Amino acid sequence: MMGKNAADQLGVAVAQFTVARESEQNLEIIDGLAADATVQGAQLLVLPEGLIARDGDDDAFAAAHAQPMDGAFVRGLRHISARCGITLMGTVHIVGDSDDDGPDSRVSNMFLVIRDGEIAVSYRKLHLYDAFSARESDVVRPGSELPPIVDIDGWKIGVMTCYDVRFPETARSLAVRGAEAIVVSAAWVRGPAKEYHWELMTAARAVENTCYVLACSEVSKRNIGCSRIIGPLGEVIARAGNSSAEMITATLDRTALVQARRSLPVLKNRRFADPQLR
């Protein structure tokens, strides 16, 4: 349905699945997804948040099973990317990551972009999920920098993690720095109106920034799935359900992006700019 084209198009796949308790099983699942996505012509595969290990009954399970950046799980992801020739995006919980804030026993929820078997970009989750009675900050330490943009086959792709999507200034910072698409890796918790919030905000981040949005959530009894690929005018190009593993695909088209930004020039029409977002 799609193929590898010139830089004006990008084949993408978004794969939701239930993250298992065992990291080896999750690598096997991702390996199969990467192979399938490659066959369908995808150059980029978006995966959920917290890929190493999960337990739907234990919110702290993922952090408790964090690994070093050079551990077996990330090495496995790098091998899959190199073997399949596809860029992988998703988050893992990392132990031993350090910064200028000094010692901290908490782990990092790290968004990784793995291209050609190498880590091209890493981003520590900025906004932690301390809401709806959850306390992610008890076990995860927050990032301190805005999310980055990475070049994928000529496309400028910004990244965000789950709760980040509730903060429109985060997505706007990516758009004003040149992002043409935004990837959201998530484990969006079920609850009253939560599916509606996910659908509303992922579409809003697309249309208010005239960007493609590729949003992937883990699907389980705890998390909603409902992964989506959204066009720059907010139209849903592809969507997954809320109950099972599923991979959706699309081709991002720069002509459509340029036309959207020409007809709705919100980025050019901005009258006030926060220098911290640049």
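**Close-up views of a predicted model**

Four bridges connect strand E6 with strand E7, and the two run antiparallel. The model is predicted: local features need pLDDT of at least 70 and side-chain atom pairs count only at pLDDT 80 or more, while totals for chains, interfaces and linings use all residues. Residues are numbered from 1 along each chain as its sequence is written, and side-chain values use heavy atoms, with hydrogens and water left out.

**View 1. The hairpin of E6 and E7.** Strands (E, at least two residues) and helices (H or I, at least four) are DSSP runs numbered from the N terminus, and two strands pair if DSSP finds at least two bridges between them. Two residues lie between E6 and E7 in this hairpin, and Asp153 in the turn has a positive phi of about 50°. Val150 has Ile157 in E7 as its bridge partner. On E6, Val150 and Ile152 make up a covered face, whereas Ile149 and Asp151 make up an uncovered one.

**View 2. Helix H4 (residues 168-176) and its buried residues.** Thr170, Ala171, Arg172, Ser173, Leu174 and Ala175 are the buried residues of H4; buried means under 20% relative accessible area, exposed over 50%, and partly exposed in between (1.4 Å probe, protein chains only). Their cover includes strand E6 (149-152), strand E7 (155-161), strand E8 (181-186), helix H5 (194-209) and helix H7 (266-269).

**View 3. An open sheet of six strands.** The strand order is E5-E4-E3-E2-E1-E12, with mixed pairing. Strand E5 (118-124) and strand E12 (246-253) are the edge strands, each pairing on one side only. On average, neighbouring strands of this sheet are turned by 25° against each other, direction ignored; axes are lines fitted to C-alpha atoms, for helices over the stretch in contact, and angles run from 0 to 180 degrees between N-to-C directions. Within the sheet, strand E2 (residues 44-46) and strand E3 (residues 87-94) run parallel and are joined by three bridges. Leu44 stands opposite Thr87 in E3.

**View 4. The largest cavity.** On a 1 Å grid over the protein atoms alone, a cavity is a set of points where a 1.4 Å probe fits but cannot get out, and a pocket is an open set with protein on both sides within 12 Å along at least five of seven lines; lining residues have an atom within 4 Å of a point. The structure holds one cavity of 30 Å³ or more. Its lining consists of Leu47, Leu51, Leu77, Leu88, Met89, Gly90, Leu112 and Ile114. E3 gives the most to this lining, with three residues. By class, the lining has seven nonpolar residues, one polar and no charged.

**View 5. The largest pocket.** This pocket holds about 310 Å³ of space; a volume is the space filled by probe spheres set on the grid points, which are joined across faces, edges and corners. Of its 21 lining residues, Arg54, Asp59, Tyr129, Glu136 and Arg222 lie nearest the centre. The lining has 11 nonpolar, two polar and eight charged residues. Here Ala, Val, Leu, Ile, Met, Phe, Trp, Tyr, Cys and Pro count as nonpolar, Asp, Glu, Lys and Arg as charged, and the others, Gly among them, as polar.

**View 6. Glu235 in the loop between strand E10 (228-230) and strand E11 (236-239).** Glu235 is partly exposed, with a relative accessible area of 37%. Not counting residues up to four places away in sequence, Glu235 touches Ile229 and Ile230, contact meaning heavy atoms within 4.5 Å.
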